Amino acid sequence: MRYVTLTIDGKKAVVPASYTILQAAEEVGIEIPALCYDPDLEIVGACRLCLVEIEGNPKLHTSCSMAVTDGMVVHTESEKVVHARKMVLQLLLDNHPNDCLTCQKAGECLLQKYAYMYDVKFREHDGAYKPEYTDTSSPYILKDEAKCILCHKCVRICEQVADRQVLTFANRGFETKVAFDADMSIEESSCVSCNRCVTICPVGALLDKRLMGKTRIWDGEVTEFKCKSCEYGCDFEVLSKNGKNVAVRAKSPGEGRPLCLKGRLTSEFLNLDDPETPYIKEDGKFIEASWEKALEIEGILDKLDKMDSKDAEQC
Ligand code: SF4
Ligand code: SF4
Ligand code: SF4
């Protein structure tokens with residue numbers, strides 16, 4: 001493997017030649033803010049927050065897509081970079097509801113984190129605001145369109161699973177939004193409620209509905225565990241408050257790990273002190289279901305019942 005040597009914020013980095021600047025920075029402990037980048041997704045360079053300055057180059061470049069070269073000298077927090085970053089964040093906030101006080105994502109939201117880091121605030125303006133629309137049709141996912149920053153992460157992660165590919169972008173320009181199938185409600189769409197998209201959304205535009213109102217991230221404890229439903233062992237978290245396990249959520253699907261509703265419900269059943277009623281989809285509608293039906297163990301329980309009756313007859 002070929003390596004290159006570059007300097008980032010005065011630190012020497014020796015990294016594979018295939019690395020991007022953002023990856024090289026991570027290697028030497030420098031965090032470059034980014035809203036649309038994720039190491040497990042294809043690069044789109046959509047948010048423009050990861051801009052950096054490269055000596056000898058008058059333009060700023062997106063560090064998530066720019067490959068490293070030998071001898072490169074990079075500045076990730078120069079005056080020019082910080083100015084550009086503040087502008088990107090201000091434009092996002094100008095088009096975003098001022099809802100951090102009650103938003104379920106507060107404390108984990110990347111937009112909130114970077115606005116704080118760069119001291120960018122919500123402000124009054126006369127321009128247009130994104131139309132407000134909240135899709136509450138699913139018992140598992142809430143979509144809040146006004147909070148979407150169009151980072152593409154949800155679309156890219158959903159399309160990684162061949163038989164899902166539910167999410168697309170609908171409309172154009174200012175009207176652009178994330179759509180479930182051909183702009184259906186979540187309930188009507190072919191979404192299987194795996195929550196992959198929820199785990200990766202950097203803001204509160206896609207939320208885990210079963211978690212909402214139960215606890216804030218800073219209010220309790222988070223314990224990671226692996227789902228025991230199948231051999232993939234997807235990563236989940238249980239959130240506890242006042243010594244009670246109040247919610248389970250999917251954490252991060254790794255490579256080859258699809259996440260699924262059955263795994264999530266099994267995890268809730270096994271870990272929660274007071275699990276909420278499960279819902280399953282029948283004929284395109286969410287309906288309340290028994291735990292036996294939701295976990296697909298009705299057949300096993302019937303068989304056990306029959307075996308018990310047989311044993312009783314033989315006694
Ligand atoms: S999505 Fe983030 S920035 Fe927007 S209201 Fe929620 S916490 Fe605040
Ligand atoms: S929950 Fe799963 S299937 Fe549904 S849109 Fe999100 S990633 Fe796609
Ligand atoms: S819904 Fe979330 S993940 Fe999807 S594009 Fe909007 S902000 Fe990004």
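Predicted model: local features only at pLDDT ≥ 70, side-chain atom pairs only at ≥ 80, totals over all residues.

Visitor: How do the residues around ligand 1 divide by class?
Guide: The residues around ligand 1 include His-96, Pro-97, Asp-99 and Lys-147. Cys-100, Cys-103 and Cys-109 are also among them. Cys counts as nonpolar here, and Asp and Lys as charged. The shell has seven nonpolar, two polar and two charged residues.

Visitor: Which residues are closest to ligand 2?
Guide: Ligand 2 is surrounded by 13 residues. By class, they are nine nonpolar, two polar and two charged. The closest are Cys-158, Cys-191, Cys-194, Asn-195 and Cys-197.

Visitor: In strand E7, are the residues buried or exposed?
Guide: Strand E7 covers residues 141-144. Ile-141 and Lys-143 point one way, Leu-142 and Asp-144 the other. Buried means under 20% relative accessible area. On both sides, all are buried.

Visitor: What is the bridge partner of Thr-134 in E7?
Guide: Strand E6, residues 134-135, runs antiparallel to E7, with two bridges between them. A hairpin of five residues links the two strands. The partner of Thr-134 is Asp-144.

Visitor: Which residue in E10 stands opposite Ile-141?
Guide: E7 also pairs with strand E10, residues 206-208. Three bridges join them, and they run antiparallel. Opposite Ile-141 stands Asp-208.

Note on methods:
Residues numbered from 1 in each chain as written. Chains lettered and ligands numbered in written order. Heavy atoms only, no water. Near = heavy atom within 4 Å. Buried < 20%, exposed > 50% of the residue type's maximum accessible area, 1.4 Å probe, protein only. Helix = DSSP H or I, 4+ residues; strand = E, 2+ residues; numbered from the N terminus. Pairing = 2+ DSSP bridges.
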